[in-house]
Amino acid sequence: ERPSSVDDEQPKKKQKVDPALCYLTLHVKLEGSHAERTLVVGTQESFACLAEGIIQAFSYEITRVYSFHMDGEPFSPAGPTYFAPIANREPSAQDILLAEIHWTEGQEFLLLYDYSECHNFTITVKKIEMSDDVSVISVIHSETKGTPPEQQPDTSDDEFEVHVTDSEG
């Protein structure tokens, strides 16, 4: 007969971890598609670095405005929002390190990318692992499922046509 352990007797509880020296395994799903990615990122990275890693993992170019919504709802007043540096809004995703957040396994948050196309990436913290040295850990794209929809071409320069007329003639 095998001796019982604490793990056998009690269900696993979500535990808050000191994020100073750890890395996160994140499951990222692009809403409205079957595309999913698994990423590993060190908490010494900024939210801007995480955004770049996610967007590139889905084969998009990081040319559009994005924001992280920590309560999982776009522009909800309930949770903090971190904006792309090009959005010129505070707080900037470039200024907030992942280590500043008290992560829990199972925690979900949202990356809204490209406000005109509204690509919603639901991000779930799958695993938090401690490390003595996270300086070598960056965003690592580790697993791919499904193909995301194609990114629409940037038409911001094509939206308006300027017609110049010669008024002297």
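Good morning. The structure shown above is a predicted model, and I shall go from the overall fold to a few individual residues.

Let us begin with the fold. The protein chain contains 2 helices and 7 strands. The protein chain has 169 residues, and 40% of them are buried. Its exposed surface comes to about 10,600 Å², with 48% of that area supplied by carbon and sulfur atoms. Among the contacts in the protein chain with a separation of 6 or more, 64% are between residues 24 or more positions apart.

Next, the pairing of strands. Which strand pairs with E6 over 9 bridges? It is strand E1, residues 22-30, and the sense of the pairing is antiparallel. Within this pairing, Thr25 has Lys127 in E6 as its bridge partner. Strand E5 also pairs with E6 in the antiparallel sense, here over 6 bridges. On that side, Glu108 is found opposite Thr124 in E6.

E5 and E6 form a hairpin with 5 residues between the strands. Asp114 is located in the loop between strand E5 (108-113) and strand E6 (119-130). In this hairpin Asp114 has a positive phi near 65°. Is Asp114 buried or exposed? Its relative accessibility is 3%, so Asp114 counts as buried. Apart from its neighbours within four places in sequence, Asp114 makes contact with Arg64, Val65 and His119.

I now turn to the aromatic residues. A pair of aromatic rings is described by the distance of the centres and the angle of the planes. The structure holds 10 aromatic pairs. One of these joins Phe47 and Trp103; the pair is tilted, with 6.2 Å from centre to centre and 40° between the planes. Phe47 belongs to helix H2 (residues 47-57), whereas Trp103 is in the loop between E4 and E5, so this pair ties together parts that are 56 residues apart in sequence. Phe47 counts as buried because its relative accessibility is 0%. Trp103 is likewise buried, with a relative accessible area of 2%.

Phe47 also pairs with Phe109. Why is this pair called edge-to-face? The ring centres of Phe47 and Phe109 are 6.5 Å apart and the planes stand at 80°, so the pair is edge-to-face; the angle for that label must be over 60 degrees. This pair, too, links distant parts of the chain, with Phe47 in helix H2 and Phe109 in strand E5, 62 residues apart. Both of these residues are buried. Taken together, Phe47, Tyr66, Phe68, Tyr82, Trp103 and Phe109 form one aromatic cluster.

A brief word on cysteines. A disulfide is a covalent bond between the sulfur atoms of two cysteines. How many disulfides are counted in this model? The count comes to 0. Cys22 counts as buried, at 0% relative accessibility, and Cys49 counts as partly exposed, at 22%.

Finally, some details of the backbone. Most residues other than glycine have a negative phi, and most peptide bonds are trans. Against that background, Ser59 has a positive phi of about 65°, although it is not a glycine. Ser59 is in the loop between H2 and strand E3 (66-69), and with a relative accessible area of 63% it is exposed. Asn88, also a residue other than glycine, has a positive phi near 55°. Asn88 lies in the loop between E4 and E5 and is exposed, its relative accessible area being 70%.

The loop between E4 and E5 holds two further residues of interest. Arg89 is placed in that loop, and its relative accessibility of 45% means that Arg89 counts as partly exposed. Not counting residues up to four places away in sequence, Arg89 touches Phe75 and Phe83. From Arg89 to Ser67 the C-alpha to C-alpha distance is 9.9 Å, and the two are 22 residues apart in sequence. Pro91 is in this loop as well, and the peptide bond from Glu90 to Pro91 is cis, with omega near 0°.

That concludes the presentation. Thank you for your attention.

Methods:
Residues numbered from 1 in each chain as written. Predicted model: local features only at pLDDT ≥ 70, side-chain atom pairs only at ≥ 80, totals over all residues. Heavy atoms only, no water. Helix = DSSP H or I, 4+ residues; strand = E, 2+ residues; numbered from the N terminus. Buried < 20%, exposed > 50% of the residue type's maximum accessible area, 1.4 Å probe, protein only. Contact = heavy atoms within 4.5 Å. Areas by Shrake-Rupley, 256 points an atom, 1.4 Å probe, with all protein chains shown as cover. Pairing = 2+ DSSP bridges. Phe/Tyr/Trp six-rings, centres within 6.5 Å; stacked < 30°, edge-to-face > 60°. Disulfide = S-S within 2.5 Å.
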